[in-house]
Structure formats: C-alpha cells, structure tokens
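Dear colleague,

My findings follow directly after it.

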Amino acid sequence: MGHGIKLTEIVEKMDLKNLTPEVELVDKEVNVPDVNRPALQLAGFFDHFDSNRVQVIGNVEYRYVQTLTEERQEYIYKKLLEHPIPCMVFCRDMEPSQEFLTLATEQGVPVFKTSKQTSDFTAEIIRWMNVRLAPCISIHGVLVDVYGVGVLIMGESGIGKSEAALELIKRGHRLVTDDVVEIRKVSDETLVGSAPDITKHFIELRGIGIVDVKSMFGVQSVRETQNIDLVITLEDWSREKEYDRLGLEEEYTEFLGNKVVCHSIPIRPGRNLAIIVESAAVNYRQKQMGYNAAQELYKRVQENLAKKMK
C-alpha cells in the first residue's frame, strides 16, 4: 500500500466544513480506505472498534445520542474520543453539541460536517480513498480513451506512440497521459491509469517539442483517469516473426497481478496507427457485447467447407 491520504486533502476533496479549527490537521492522515459508522460504540460497545477509519455520523447515530442522559452522553463521548480516530464527519449538516466539540478539541480529534446524505458521502469517500490508496506502479507508455475503451499504447522509445496519440486526439478521442502512466489496482478486475501531475495533458513530439493538448484541442480532448481495458504494443515489423492474422487466441499482459488483453502491432511505413488502434477498440467493445468477428469468420469458412463437401 502507498502512503496514507493527508487529512487536508480529504477536507478539500470532500468539501468538508471544519468544526474544530484549533485542532492541527497538518500531520494527520488516513491509511484505511473505509469508513465506520460508530453506532455500536455510541451504545457503549467498544470491542472490535475500527478506530483507524474515518468515523461517519448519520441520522440514526445522531438521533440515538439525543435519547441518552447528559451523564451517559459525556461518558460515551469520552470513551469514543480516547481512541486514535483520524476524524469524525457529521452528515446532512447535523451539528454536534458544544460538549462534544470541546472534548474532541482536547483529544485532538478533528470534527467536520458535510451537507451530503450519509449514504452518498460514504459511497463517495470510500470510492475515492480506494483509488488513492491502491497499489501503484509507473510505466512508460501512452493512455488514451478511444470510444470509451482505455487503450494503453506501449513500445520502444521513438516508435511513434505519441504521434499515434495525437492523431487519435485529432479524430475526437481523449488523452489521459503521454510518456508516463501511473497504474493503480483498484480491484482484482480494475486497473485505473492517470498522469503524473507534472506532465498532465502534455504530449512530447520529437522534433517539435511539448504540445499542450488541453489548450490546443479543448477541454473535451483530455481525461483525468481511465480504466485500462486493452494494451497495444507497437514493435518494428520483422520478416521472421509470425503475426496473428485472425485473432482467435487472446493474448494477455499483466500489471499488479491483473490480466489485460494485449495486441502486438507490427509497424511499417504506410500503416495508419490511429485507425488500427480505433479498430482494436471497436473490436474489444464488440467482444464485450458478445460478438467476435474472428469466430464469425471461422464459422463462415467452416460452413462453406461443409457445403463444398456435400
């Protein structure tokens, strides 16, 4: 796992209102991409308490506390806030009591509030933290969104990856990142690619230099992140190598233990890479929808042979 997420980043990303401004946030971080709704803890049960998670207070927890006597409330607050909690978040603009805020400030536990519904906030923060805390590697390549399919173009330096990406952008597709792709394993099925902040939306073209795609082609020509569905490896064409002409057998490559469909494309003068990449993306989508052109052709040839044998 990578480093934790700074609390200041969570506050900014989730647009949280800080109710304990005296508590210092700078060194605090969250290391677990999950939240806890402390209903059982408020009822006095602290065994198996996931205190290292973001603690979320919803309507049920809020209303329950109001049924308690003041002494019981104070006792529960003390016990709760003794734990090393990264932060407490009150949803639906609910206001914690002054006693709670005073105790939280004494214990150094930051308290925030949001206007979002509890389930919406919970789903949003978990999804975002999962991406931020996912295992991550950086590889050399270009990631583009072609008809909604995330295509990772790989190959030796100078083979034409960036040129292919530029032509795809001119044809209305979107750039995620050129040169360096940060790949995160969000689940056992999903890999998400993004650009390092420093090179975001830039393409380097040999002989021309740096091109700012976003300012040249507009905001619709770029994307922040994209799932990686398909890998296309560009390689110099070789007379000796057998190339797959039908595509009946799927080849795969692996990142962080996840398998991704991979095509090796031989490069020769006159081959339009952008159209090849587009066709591969459309072909991938057809297969996802249950249509396989190679199998259809194979079936037709078999039927044709059967007719001739009769």
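Contact here means that heavy atoms lie within 4.5 Å. On that basis, and leaving aside neighbours within four places in sequence, Glu156 is in contact with Lys161 and Leu234. Please bear in mind that this is a predicted model.

Glu156 belongs to the loop between β10 (149-155) and α7 (161-170), and Gly158 is found in the loop between β10 and α7 as well. Exposed means over 50% relative accessible area. Glu156 therefore counts as exposed, at 60% relative accessibility, and so does Gly158, at 56%. An unreviewed UniProt entry places the feature "binding site" at Gly155, Glu156, Ser157, Gly158, Ile159, Gly160, Lys161 and Ser162.

The second largest pocket may be of interest to you. Its volume is about 530 Å³. Sixteen residues line this pocket, and Trp128, Val131, Arg132, Arg184 and Thr225 lie nearest its centre. At least two lining residues are supplied by each of α1 (7-14), α6 (118-133), β12 (180-185) and β13 (191-194), with α6 giving the largest share, five residues. By type, the lining of the second largest pocket comprises nine charged, five nonpolar and two polar residues.

Lastly, helix α3 (residues 59-66) has Glu61, Tyr62 and Val65 as its buried residues. Seen down the axis of α3, these buried residues fall within an arc of 100°, so they line one face of the helix. Their cover includes α2 (39-42), β5 (54-57), α4 (70-81) and β6 (88-90).

With kind regards

Key: Residues are numbered from 1 along each chain as its sequence is written. This is a predicted model: local features need pLDDT of at least 70, side-chain atom pairs count only at pLDDT 80 or more; totals for chains, interfaces and linings use all residues. Side-chain values use heavy atoms; hydrogens and water are left out. Buried means under 20% relative accessible area, exposed over 50%, partly exposed in between (1.4 Å probe, protein chains only). Helices (H or I, at least four residues) and strands (E, at least two) are DSSP runs, numbered from the N terminus. The arc is that of the directions from the helix axis to the C-beta atoms. On a 1 Å grid over the protein atoms alone, a cavity is a set of points where a 1.4 Å probe fits but cannot get out, and a pocket is an open set with protein on both sides within 12 Å along at least five of seven lines; lining residues have an atom within 4 Å of a point. Grid points are joined across faces, edges and corners, and a volume is the space filled by probe spheres set on the points. Ala, Val, Leu, Ile, Met, Phe, Trp, Tyr, Cys and Pro count as nonpolar, Asp, Glu, Lys and Arg as charged, and the others, Gly among them, as polar. UniProt positions are given in the numbering used here, feature names are shortened, and annotations may be inferred rather than shown by experiment.
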